[in-house]
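Subject: Structure handover

Hello,

Here is the structure you were to receive. My notes on it follow below.

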Amino acid sequence: MIFNEEFETLPREALASLQLKRLKQVVERVYHTVGFYRKKFDEAGVKPEDIRSLEDLGRLPFTTKQDLRDNYPFGLFSVPMSNIVRLHASSGTTGKPTVVGYTRRDIETWAELMARSLAAAGLTKNDIVHNAYGYGLFTGGLGVHYGAERLGASVIPMSGGNTKKQILILQDFGPTAICCTPSYTLYLAEVGEEMGVDMRSLRLRVGILGAEPWGERMRKEIESRLDITALDIYGLSEIMGPGVAMECIEGKNGLHIFEDNFIVEVIDPSTGEVLPDGQAGELVFTTLTKEAFPLVRYRTKDLSRLMREVCRCGRTFVRMERVMGRSDDMFIIRGVNVFPSQIESVLMEIEGLEPHYMLIIDREGALDTLEIQVEVSERIFSDEIRRLQNLERRIAKDIKDYIGITAKVKLVEPKTLQRTEGKAQRVVDKRPR
Amino acid sequence: MKVEQISIFLENKPGGLSGVTRVLKDAGINIRALSLADTSDFGILRLIVDDVNKAKKVLNDNGFAVGRTHVIAVEVPDRPGGLHSILDLLTRHNINVEYMYAFVERSGENAVIIFRFDDIDQAIQVLLDGGFTVLRGEQVYSL
């Protein structure tokens, strides 16, 4: 179902002219209201009137997370605090949090985009939404909440944690949709199964899952354990929160970016060069409709690629492939660039492996070492040593073949690796710095 | 003729084994025979217990990966050459032993050896034809 037929199916030419009109307004506004942008544009020798086509966007400098930190907390807001009705902050796992503000209209825009996202997952006002994203500074909880209300669905404001209670609510309230991180759905499945609940017989029909990278194998695992359709949602607090892009249930292949509100570019993370469609690189967003906290060419550090092929759902918006990882999650082992997502996708190709793993990076003498810890589930357990050793060898060989690095594989007992309710931390770097 | 064995995955770390024995103790389960196979990183504990279903359940409840495998228990004459007579028979029939270990209790005058084969049915037939006594599960659990 399409929530906003007019905008979501806009012909590409009309969309481009809408984007250009809005881009000019944004550039004009940030130049005159945010000192940071005026300074950066002046340094780059670009004036707002130089933006005459969408291609001219490339003349503007990037904005980075560091810029947000340097202007902590409110330095990049383009409206006075009296016009701001809400503040959120990013999780700040790697330093100071970044603060984002919303005007009343921003909240409405966000609610609309979240409503579009839920509708793209097939939801209507007849659905009951179990919202297990955290409520608070994190944008997930309230973002989904307002969107579900805008759609007219019934929303259960569960927030995160208290997993046994969540299982009870899932059974008794009969929600038809669940919103949380993909790893948390598996955790719910695990806890529910331990409690003796048949997690496949719940009324749940669809999961709108995001806020951490995941892969196709994890999707299948979630879908089979909960008997739902699992869809990917994308967003980040700096740009708005959840609802920047959403996978449609009809196509189930890539996430439509709500391009009437954002311009997306993909760049080479090391050179900053804009890449042609189809090539993988770092996503860069420019907000077109945000009032309180507009961002121009914001580097997300999320890695993906764009797909221009027409989607069967009828939306004309470009699709991004599910996020493959973060450019700053990248680590270098013996000179090879490695993303945890690459290792995950190798592991997920091996039948029976659980999507729980840890990467331990260390140094022995002058040599970097990588240990991959993988949980032994009953599906891969054998009473014969050699079968388990063959499994270890197979994993190490696949990692070597596909990624080109030598890793030691260590099998660990089930359920001993960290299960996070938020973003999973899968890399431990013990190398001396 | 088949005996059910449970096997448990253990990381090589202090307290790993006692974690299992504590769970079994608390559930009142008696270990009838055991063997531990290990590598530098992990081990596999194989157990014959008096209540297989209960043991598997309580171990699962405590987060262990538990396998169930069929093995057979064979009476072996308790004298020099007793074990060899069995292995010799198996070799002549080209039957491969995956692993084996001894049972704690005797069955009358005989020792009891637990065997794991790839083709368990063929092995049982060969042993019976060779005149050996293969014990039933219930006999073994209550030895």
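Two residues are taken to be in contact if their C-beta atoms, placed from the backbone, lie within 7 Å. Helices (H or I, at least four residues) and strands (E, at least two) are DSSP runs, numbered from the N terminus. This is a predicted model, in which local features need pLDDT of at least 70 and side-chain atom pairs count only at pLDDT 80 or more, while totals for chains, interfaces and linings use all residues. Residues are numbered from 1 along each chain as its sequence is written, and chains are lettered from A and ligands numbered from 1 in the order in which they are written.

Helix α11(A)

α11(A) has 19 residues and spans 27 Å from first C-alpha to last, close to the 27 Å expected at 1.5 Å a residue (the expected span is 1.5 Å times one less than the number of residues). Its buried residues are A:Leu388, A:Leu391, A:Ile395 and A:Ile399; buried means that 20 or more other C-beta atoms lie within 10 Å of the residue's own, exposed 12 or fewer, and partly exposed in between, with C-beta atoms placed from the backbone. Seen down the axis of α11(A), these buried residues fall within an arc of 70°, so they line one face of the helix; the arc is that of the directions from the helix axis to the C-beta atoms. An α-helix has 3.6 residues a turn, so residues three or four places apart point the same way. The cover over the buried residues of α11(A) includes α10 (340-348), β19 (367-375) and β20 of chain A, together with β3 (42-49) of chain B. Exposed on the other side of α11(A) are, among others, A:Arg386, A:Arg387 and A:Lys397. A:Gly404 follows α11(A) and has a positive phi, near 85°.

Interface

16 residues of chain A are in contact with 16 residues of chain B. On the chain A side, α11 (385-403) and β20 (408-412) each supply at least two residues. That side divides into seven nonpolar, three polar and six charged residues (Ala, Val, Leu, Ile, Met, Phe, Trp, Tyr, Cys and Pro count as nonpolar, Asp, Glu, Lys and Arg as charged, and the others, Gly among them, as polar).

Chain B

Chain B comes to five helices and seven strands, in the order β-α-β-β-α-β-α-β-β-α-β-α from the N terminus on. Of its 143 residues, 29% are buried. Among the contacts in chain B with a separation of 6 or more, 68% are between residues 24 or more positions apart.

Regards
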